[in-house]
Amino acid sequence: MGRVSTPHGEFPTPAFMPVGTKAAVKGLTTIQLLELKTSVVLANTYHLYLRPGSDLIRRLGGLHRFMNWNGPILTDSGGYQVFSLSDLRKVTPEGVRFKSHLDGSEHQFTPELSMAVQRDLGADLVMVLDDCPHYPIAEEDVKRSLEITHQWAERCRRSELSPGQALLGIVQGSTYPQLREASAKTLAEIGFDGYAIGGLSLGESRELKTEMVDAAIQNLPEEKIHYLMGVGTPQEILSAVSQGIDLFDCVLPTRNARNGYLFTSLGPIVIKQSKYRDDANPVDPNCDCDVCKNYSRAYLRHLFISGEMNSAILNTYHNVHFYLRWMEKIRESIANNTFEELRNAVSSC
Ligand SMILES: [Zn+2]
């Protein structure tokens with residue numbers, strides 16, 4: 001716990017990164033992100049490499065200038081997107097070959113290329129290229145995959161980065177605790193500025209996920225940042241913080257907003273439901289965001305039903321506000337020594 005310093009400012013942890021895959025958090029301008037007191041955003045190497053191209057972004061002054069965001073940025077390495085989006089993925093010790101989901105063109109990511117792309121983009125926190133196995137998968141296959149992930153991690157560590165860029169290793173190992181443990185130890189030996197836990201939230205149970213986080217985190221340097229990739233609901237975040245996780249990203253607040261699913265202090269609401277048709281109340285009576293201060297559930301339902309663009313914008317604004325205030329609440333509870341009370345309050349509702 002504490003603070004993370006980057007060339008574009010520092011931020012307190014535990015922190016949540018709104019997902020700005022293609023150099024934009026869907027539904028929010030960077031001015032709105034500032035209004036919401038966003039401290040760090042995530043962008044994606046795979047997407048930006050394919051379009052508009054990382055050399056173009058470099059020539060235009062780097063990702064911060066390109067998207068008009070002067071705060072910290074983390075870029076994912078592209079490993080996970082190659083796994084989840086592209087066709088014909090072929091992993092060899094050299095790298096991973098894949099076909100673009102945009103136009104079918106063939107590409108190869110190597111650890112060196114992923115680092116070069118992330119250097120061009122100029123993010124503050126950059127991720128190693130990893131092999132993200134599908135789930136479920138046999139232990140022997142995970143072992144083979146891990147060997148490659150660890151070799152790639154070493155090659156990323158040896159690659160040149162821009163001054164100030166911090167490199168995070170990624171622990172893999174599917175749902176095998178002994179492999180998660182071994183992966184964490186190997187990465188800690190190589191030595192990174194921070195450590196991520198990847199390859200979870202792929203359909204495994206919550207209990208297994210918790211066990212894997214424990215197996216990894218107990219073998220990682222305590223003083224370095226710990227990032228749990230792609231997690232999760234507000235409750236999952238709270239529980240992972242109790243395990244020692246400092247950094248999170250997830251598409252839930254933004255994607256769910258576009259589907260009319262809103263997080264509130266009283267539980268989630270689905271705004272299209274007819275019971276909100278003439279509901280003059282704000283989305284969340286306990287929320288002080290501009291959406292809740294100014295608009296009724298009835299209006300937001302109307303926007304959603306009518307397919308208005310403002311539906312996605314206002315819903316996203318509220319959901320991201322909800323997540324960021326949730327992180328603030330967690331940080332305050334840690335500072336005030338009331339974290340356990342917060343956990344108990346949440347688990348009992
Ligand atoms: Zn609100």
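These notebook entries record what I looked up in the predicted model above.

**Ground rules.** I number residues from 1 along each chain as its sequence is written, and side-chain values use heavy atoms, without hydrogens or water. In this predicted model, local features need pLDDT of at least 70 and side-chain atom pairs pLDDT 80 or more, while totals for chains, interfaces and linings use all residues.

**Entry 1: the cavity.** I searched the whole structure for cavities of 30 Å³ or more and found one. A cavity is a set of points on a 1 Å grid over the protein atoms alone where a 1.4 Å probe fits but cannot get out; a pocket is an open set with protein on both sides within 12 Å along at least five of seven lines; lining residues have an atom within 4 Å of a point. Grid points are joined across faces, edges and corners, and a volume is the space filled by probe spheres set on the points. The largest cavity comes to about 30 Å³. Its lining includes Asp-130, Asp-131, Cys-132 and Trp-152. α5 (79-85) gives the most to this lining, with three residues. I take helices (H or I, at least four residues) and strands (E, at least two) as DSSP runs, numbered from the N terminus.

**Entry 2: Gln-172.** I looked next at Gln-172, in the loop between β10 (166-171) and α8 (177-190). Is Gln-172 buried or exposed? Gln-172 is buried, at 2% relative accessible area. Here buried means under 20%, exposed over 50%, and partly exposed in between (1.4 Å probe, protein chains only). The side chains of Gln-172 and Asp-130 make a polar contact of 2.7 Å. (A polar contact is a pair of N or O atoms within 3.5 Å; within protein, one must be able to donate a hydrogen and the other to accept it, and residues adjacent in sequence count only if both atoms are side-chain atoms.) Asp-130 also lines the largest cavity. Beyond four places in sequence, the contacts of Gln-172 (heavy atoms within 4.5 Å) include Asp-131, Cys-132, Leu-179 and Gly-198.

**Entry 3: pockets.** The largest pocket holds about 840 Å³. I counted 36 lining residues, with Tyr-80, Gln-81, Asp-249, Val-251 and Arg-255 nearest its centre. The second largest pocket has about 570 Å³. α14 (309-335) gives the most to the lining of that second pocket, with five residues.

**Entry 4: helix α13.** In α13 (297-305), the buried residues are Arg-297, Ala-298, Leu-300, Arg-301 and Leu-303. They pack against β15 (269-270), α12 (290-294) and α14. Just after α13, Gly-307 has a positive phi of about 70°.

**Entry 5: salt bridges.** I found 17 in the whole structure. The cut-off is a side-chain nitrogen of Lys or Arg within 4 Å of a carboxyl oxygen of Asp or Glu. Arg-144 pairs with Asp-141 at 2.5 Å. Both sit in helix α7 (139-158), three residues apart. Arg-144 is exposed at 52%, and Asp-141 is partly exposed at 33%. Arg-157 pairs with Asp-193 at 3.9 Å. Arg-157 is in α7 and Asp-193 is in the loop between α8 and β11 (194-197), so this pair ties together parts 36 residues apart in sequence.

Glu-236 bridges to Lys-209 at 3.0 Å. Glu-236 lies in α10 and Lys-209 in α9 (206-217), so parts 27 residues apart in sequence are tied together. Glu-236 is buried at 15%, and Lys-209 is buried at 9%. Salt bridges with shared partners also join Glu-94, Glu-112 and Arg-155 into one network.
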